Amino acid sequence: MDSLLEGYRQFRTGYFPHNREIFKELAQGQSPKAMVISCCDSRVDPGLIFNAAPGEIFSLRNVANLVPPYSPDDNHHSTSAAIEFAVRALKVPHIVVMGHARCGGIRALMGAHEGDFIGPWMRIAEPARDHIVRTAGDQPPAVLQRLCEHEILKTSLANLRSFPWIQTALKDGSLRLHGLYFEVETAELQRLNEEDGTFSTL
Ligand SMILES: [Zn+2]
């Protein structure tokens, strides 16, 4: 905790005074350039990776950067609520789903599900895992994990398209969806080409 408070002191006396005008303007409201859906993983910080100023990224982080399918009911839908706010209230022009290498959530998916919540949450990604195991099951575990991390981006993007107001925004051209994959060790960023499902390095 001490290191966090020390970090805050540095922010308050260094970054903040230099950017006071930005915060003053942001106090009136936000108009982020994009929503980024990424993993909670401490090594994958969208603000840092995209060199973003405060107010530029509407950031949603959850285990394994998953988007559930559209399913309005009485359960607690944190991810869907954030997506709804970004699309319907803030009208973000882009949603980026960013996966990453060595994801702990996906490791759990490839092995035994554990915990009260992680297992049920990761069920969103089971079709992606089953597809990879079916088509590349003879590969070593590290390769399978990476293929699954890639495949899950496609699942999240497909699930985003199940939200009716996202379909509308895509149709009228006010919203675009993107898939990115971050390599922790080298900071390489790959972009998903949805036409053929391949990834190319940026
Ligand atoms: Zn992760």
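**Terms and values in a predicted model**

Student: Why does Gly-119 count as partly exposed?

Tutor: Gly-119 has 13 C-beta neighbours inside 10 Å. A residue is buried if 20 or more other C-beta atoms lie within 10 Å of its own, exposed if 12 or fewer, and partly exposed in between, with C-beta atoms placed from the backbone. The value of 13 falls between these limits, so Gly-119 is partly exposed. This is a predicted model, in which local features need pLDDT of at least 70 and side-chain atom pairs count only at pLDDT 80 or more, while totals for chains, interfaces and linings use all residues. Residues are numbered from 1 along each chain as its sequence is written.

Student: Where is Gly-119 found?

Tutor: Gly-119 belongs to helix H6, residues 118–122. Helices (H or I, at least four residues) and strands (E, at least two) are DSSP runs, numbered from the N terminus. Leu-109 lies 10 residues from Gly-119 in sequence and 7.6 Å from it in space, C-alpha to C-alpha.

Student: How many helices and strands has the protein?

Tutor: There are 9 helices and 6 strands.

Student: What makes the protein as compact as a globular protein of that length?

Tutor: The radius of gyration, taken over C-alpha atoms, is set against the globule rule of 2.2 Å times the number of residues to the power 0.38. For 202 residues the rule gives 17 Å, and the protein has 18 Å, which is close, so the protein is as compact as a globular protein of that length. Along the principal axes, the C-alpha atoms fill a box of roughly 55 × 45 × 40 Å. Of the 202 residues, 29% count as buried.

Student: Which domains does the domain assignment give?

Tutor: Domain 1 covers 1–28 and domain 2 covers 31–201; such bounds come from an automatic or database domain assignment. The centres of the two domains, taken over C-alpha atoms, are 29 Å apart.

Student: In what order do the 6 strands form the open sheet?

Tutor: The order is E2-E1-E3-E4-E5-E6, with mixed pairing. Two strands pair if DSSP finds at least two bridges between them. E2 and strand E6 (198–201) are called edge strands because each pairs on one side only.

Student: How do you know that E3 and E4 pair?

Tutor: Strand E3 (residues 94–100) and strand E4 (residues 176–182) share 7 bridges in the parallel sense; the rule asks for at least two, so they pair. Within this pairing, Val-97 stands opposite Gly-179, and Met-98 stands opposite Leu-180. Strand E1 (residues 34–39) also pairs with E3 in the parallel sense, over 4 bridges, and there Ile-37 stands opposite Val-97.

Student: Why is E3 called largely enclosed by the rest of the structure?

Tutor: 6 of the 7 residues of E3 are buried, so this strand is largely enclosed.

Student: What is Ile-37 in contact with, leaving aside its neighbours within four places in sequence?

Tutor: Two residues are in contact if their C-beta atoms, placed from the backbone, lie within 7 Å. Ile-37 is in contact with Leu-60, Asn-65, Val-67, Ile-95, Val-97, Met-98 and Ser-156. Ile-37 is also among the residues with the most contacts inside the largest nonpolar core, which has 41 residues. A nonpolar core is a set of buried Ala, Val, Leu, Ile, Met, Phe, Trp, Tyr and Cys residues joined through C-beta atoms within 7 Å.

Student: Is Asn-65 buried or exposed?

Tutor: Asn-65 has 32 other C-beta atoms within 10 Å, so it is buried. Its place is in the loop between E2 and helix H4 (78–89). Phi of Asn-65 is positive, near 45 degrees. Most residues other than glycine have a negative phi.

Student: Is Asn-51 buried or exposed?

Tutor: Asn-51 has 7 other C-beta atoms within 10 Å, so it is exposed. This residue lies in the loop between helix H3 (46–49) and strand E2 (57–62), and has a positive phi of about 50 degrees.

Student: Why is Leu-202 called exposed?

Tutor: The count for Leu-202 is 8 other C-beta atoms within 10 Å, so it is exposed. Leu-202 stands in the segment after E6. Beyond its neighbours within four places in sequence, Leu-202 is in contact with Leu-189, Gln-190 and Arg-191.
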